[in-house]
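Dear colleague,

Please find below the structure for your records.

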Amino acid sequence: MDVAKPRGQPDRVLSHEEARAFYDRFGPKQDLQRIYEDPAIEVLLQYAGFETACAVVELGCGTGRLAARLLEELLPEDSKYVGLDISGTMIDLAQGRVAPWADRARVQRTEGSPTLPLSDGAFDRFLSTYVLDLLSEEDIRAALREARRVLAPGGRLCLASLTFGQTLPSKLACRAWTAIHSLSPRLVGGCRPLHLEVFIGSDWQILHREVICTLGICTEVLVARRR
Ligand SMILES: C[S@@+](CC[C@H](N)C(=O)[O-])C[C@H]1O[C@@H](n2cnc3c(N)ncnc32)[C@H](O)[C@@H]1O
């Protein structure tokens, strides 16, 4: 099954440097995407079990909007949160958002390498929303290997990513999005639809998978347990 690209075409993605430059400029505008992201995030939150989490790591935490919601509403008061992002602008925004919980939440800028500066088995939730869909297939696989490494057995992988259309309007929207991405990934922040499930091997037990389409833009939500 194609995961992201039209048959026979190379998988064009932003380099780490290009992604950093884009999100450094884009900054707070990322939160405008909430129009189509929020309905999918609600589903993710239903199945991720943050109410019982001890330690959460978020890859590509963006402005820290989801982190602040988790810390304010869902996570137990003694749980820890670590957010990672390639963009200095995003890290500054997220830093401001998690500042009220500075004793247990921190954010850190990375160089974009899928190798994460975190200890083995130190977390019980690995969260990433609308990030894997801008990484190369190689980086997606490496990020999932890292998720497995940093999660303790039984820990949950909690993902949301752009995916392919399901109905005629969403299929047309997806085709338009993919065409723009093929022209220049930068025009759509590097993101393109993909099938997350294709990347999930037998070392994960899928607990929930659902596709949510809002305004013609479809998101695959996937929660899996580390075996
Ligand atoms: C589309 S935004 C999503 C942000 C946030 N997760 C959300 O759902 O609103 C993608 C985020 O991933 C970050 N990012 C892109 N490539 C990355 C990489 N290789 N490693 C870490 N973060 C990355 C960007 O800086 C940006 O904050």
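Of the 17 residues around the ligand, which come nearest? They are Gly60, Asp85, Gly112, Thr129 and Tyr130, where a residue counts as near if one of its heavy atoms lies within 4 Å of the molecule.

This is a predicted model, in which local features need pLDDT of at least 70 and side-chain atom pairs count only at pLDDT 80 or more, while totals for chains, interfaces and linings use all residues. Residues are numbered from 1 along each chain as its sequence is written, and side-chain values use heavy atoms, with hydrogens and water left out.

Ligand site

A side-chain N or O atom of Asp85 lies 2.5 Å from an oxygen atom of the ligand. For Glu37, a polar side-chain atom is 3.4 Å from a ligand oxygen atom. Gly60 places a backbone N or O atom 2.7 Å from a nitrogen atom of the ligand. The protein covers 95% of the 600 Å² of accessible area that the ligand has on its own (Shrake-Rupley method, 1.4 Å probe).

Cysteines

The count comes to one disulfide, defined as a pair of cysteine sulfur atoms within 2.5 Å. Cys213 and Cys218 form this disulfide, with their sulfur atoms 2.1 Å apart. Their link is right-handed, with 105° about the S-S bond. Cys218 counts as buried because its relative accessibility is 3%, whereas Cys213, at 35%, counts as partly exposed (buried is under 20% relative accessible area, exposed over 50%, partly exposed in between; 1.4 Å probe, protein chains only).

Kind regards

How values were computed. A polar contact is a pair of N or O atoms within 3.5 Å; within protein, one must be able to donate a hydrogen and the other to accept it, and residues adjacent in sequence count only if both atoms are side-chain atoms.
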